[in-house]
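This report describes a protein chain for a reader who is new to structural analysis. Please keep the sequence and the three-dimensional view at hand while reading.

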Amino acid sequence: MELAKTLIKRKYEVVIIEADKDKAEMLANKLDCLVINADASDPDAYRELNVKETDIFIALTNDDRVNIVAALTAKSMGIQKIIVRIENPEYNDILLNNGIRDVFNPNTLIINHIMSILEERQTGLEYIPQSTIRLQIYYIPERLAGLKIKDLDIDSDKARIVAVYRGEDAFIPDDDTVLEPGDHVLVVYRVDYQSRLEKVFQGG
């Protein structure tokens, strides 16, 4: 939804295809764009679209196979620019062999960014310290272990957990992700909310 908000704000004409009826209704109520309740891997979903006028198709579900089928369907409908989220890099060749080259793995992107921060390398995000937005890694103490992300006393309009680091693994969580002892989380937040986050994670 955040990507859609950004694109709409920048004057893109956005169309969302969402298979879940309740989520589709929620998105339609919150976003100033067309929301189609349909399966993106079904060619019938594109009947409400003017495919010839579609510049970009982005497949962002949490299911690699759905994203692959949706991307291939969009490709068969004549859409030229296709961006696909893939968790398992073993699927990359399927897309590359079908002429879809804009494939990204969110875990890899996050890990690379965090390593850049930890090693104090240039990240391309030098402007962040001067903005109202910050990135911070917090350790999950025992008292928060077992809680779902949605159960943390955090205002989601001011701060969001965008990644969880568990041992050698990293992943993008959802609201129902259960935190475990020893987890680290990457939080993006408004600078004026930092003191609240310190209390939540550090008990200060």
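A residue is called buried when its relative accessible area is under 20%, and exposed when that area is over 50%.

**Overall picture**

The chain has 204 residues, and 32% of them count as buried. Its secondary structure consists of six helices and nine strands. The accessible surface of the chain is about 13000 Å², and carbon and sulfur atoms contribute 48% of it. Among contacts in the chain with a separation of 6 or more, 56% are made by residues 24 or more positions apart.

**Confidence**

The mean pLDDT of the chain is 82, and 85% of the residues reach at least 70. Confidence is highest in helix H2 (residues 21–30), with a mean of 92, and lowest in helix H5 (residues 106–118), with a mean of 63. Over residues 121–130 the pLDDT stays under 50; the model has eleven contacts beyond four places in sequence for this stretch. Where pLDDT is low, the predicted coordinates should not be read in detail.

Strands of a sheet pair through backbone hydrogen bonds, either parallel or antiparallel. In this chain, three strands form an open sheet in the order S3-S4-S5, with parallel pairing. Strand S3 (56–59) and strand S5 (102–104) are the edge strands, each pairing on one side only. From one strand to the next, the twist averages 10°.

| Strand pair | Sense | Bridges | Opposite residues |
|---|---|---|---|
| S3 and S4 | parallel | four | Phe57 and Ile82 |
| S4 and S5 | parallel | three | Arg85 and Phe104 |

Helix H3 (residues 64–76) lies across S3 and S4, and runs at about 175° to S4. Together, S3, H3 and S4 make a right-handed β-α-β unit.

**Phe57 in strand S3**

In a regular strand the side chains alternate between the two faces of the sheet. Strand S3 has a covered face, with Phe57 and Ala59, and an uncovered face, with Ile56 and Ile58.

Beyond its neighbours within four places in sequence, Phe57 is in contact with Tyr46, Ala70, Ala71, Ala74, Ile79, Lys81, Ile82 and Ile83. The C-alpha atoms of Phe57 and Val84 are separated by 8.4 Å, although these residues are 27 residues apart along the chain.

Which residues does Asp183 contact, leaving aside its neighbours within four places in sequence? They are Tyr138, Tyr139, Ile140, Val164, Tyr165 and Arg166.

Note on methods. Residues are numbered from 1 along each chain as its sequence is written. This is a predicted model: local features need pLDDT of at least 70, side-chain atom pairs count only at pLDDT 80 or more; totals for chains, interfaces and linings use all residues. Side-chain values use heavy atoms; hydrogens and water are left out. pLDDT is the predictor's confidence in each residue, from 0 to 100. Helices (H or I, at least four residues) and strands (E, at least two) are DSSP runs, numbered from the N terminus. Contact means heavy atoms within 4.5 Å. Buried means under 20% relative accessible area, exposed over 50%, partly exposed in between (1.4 Å probe, protein chains only). Accessible areas come from the Shrake-Rupley method with a 1.4 Å probe; for residues, only the protein chains shown count as cover. Two strands pair if DSSP finds at least two bridges between them. Axes are lines fitted to C-alpha atoms, for helices over the stretch in contact, and angles run from 0 to 180 degrees between N-to-C directions. A crossover is right-handed if, with the strands pointing away from the viewer, the path from the first strand over the helix to the second runs clockwise.
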